[in-house]
Amino acid sequence: MELSSGPGPAACQGCRRGGRYVQEVNGWNDDEEGQLEWVYGIPQGKRKVVIELGSNDGQWIYGFMTNHPDFWPIIVEAQPVFRDALREIARDYQGVYMQRAAWITDGETLKFYGHSDAGGMGSSLYSDSVYHDGWCEGKINCSESLGEEYEVQTLDVVELIKSVANETDFIILRMDVEGAEYEIARKMIASNVACWIDYWELEGHAMYAPQNHKFRPVDSVLPWLLRACGVDMRVFQYYKADPKLMQQRELIEREEGNCSWQLLGYNACSEAGSCQGITET
């Protein structure tokens, strides 16, 4: 796929077809999900790029582009079920959609583990994720498996960012990749591409697969680490609220007893007073 330089500031002011398609397919309320309020302090005169890794059904990127149509959207989602909706959003805003799995290598064929449950449809590169067998009516181990497996092509996120942006652009990155974020973030930091990002929203999934439990402190360290090169990062995690994490939640509660949870819940607040750390619900 050839990547162009993206639209100008006046592009697609009236484009809404992709968003309407997402609403029709998924039944979400535009008043609740689509009217997103983002306070970013966006500078004038810079080329603006928004990259979403793990776009799922397109609700976030549609809401963002509705409010900020002067950004060039880069949409990455491996699940084929959302292909039509995401392709339409990308077309409406002269953006790029890639049906690939965000990762640290390019063109590698890996197995993807999907699920469909009461919380929606999702997927992960990790076979032991709590999502894999699905979730039905609030009970784990349902009689009918809601998981599925299929092969996907990977996308090197570092090379992607280098191909669509440069360090002088204003870049917003949203990353919801079900556990792959830790390896991706490490490669971005090692290559210095992480410091190109102006605003980075990351959803942490350290507690969703056993092999990622060791990364739980990374949720706290990343905002502090990247603030040194000017990245405003917000990490969201749902370890306490997600009903799929009952056993992991017991582990967290035990850790809270010896104060380790407070340490890992550190918020890296800037001197200006805006916290760049963890949002826990």
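**Close-up 1. The disulfide of Cys 195 and Cys 229.** Cys 195 and Cys 229 pair up as a disulfide, with 2.2 Å between their sulfur atoms; the term covers a pair of cysteine sulfur atoms within 2.5 Å. By that rule, the count is one disulfide. The model is a predicted one: local features need pLDDT of at least 70, side-chain atom pairs count only at pLDDT 80 or more, and totals for chains, interfaces and linings use all residues. Residues are numbered from 1 along each chain as its sequence is written, and side-chain values use heavy atoms, with hydrogens and water left out.

**Close-up 2. Geometry and setting of the Cys 195 and Cys 229 link.** The angle about the S-S bond is -90 degrees, making the link left-handed. Cys 195 sits in the loop between α6 (181-190) and β9 (199-203), and Cys 229 in the loop between α7 (216-227) and β10 (232-237), so the link ties together parts 34 residues apart in sequence. Helices (H or I, at least four residues) and strands (E, at least two) are DSSP runs, numbered from the N terminus. Cys 195 is partly exposed at 29% relative accessible area, and Cys 229 is partly exposed at 30% (buried is under 20%, exposed over 50%, partly exposed in between; 1.4 Å probe, protein chains only).

**Close-up 3. Where α6 meets α7.** The two axes, lines fitted to C-alpha atoms over the stretch in contact, with angles from 0 to 180 degrees between N-to-C directions, come within 12 Å and cross at roughly 20 degrees. Contact (heavy atoms within 4.5 Å) involves Tyr 182, Ala 185 and Ile 189 of α6, plus Val 218, Asp 219, Leu 222, Leu 225 and Leu 226 of α7.
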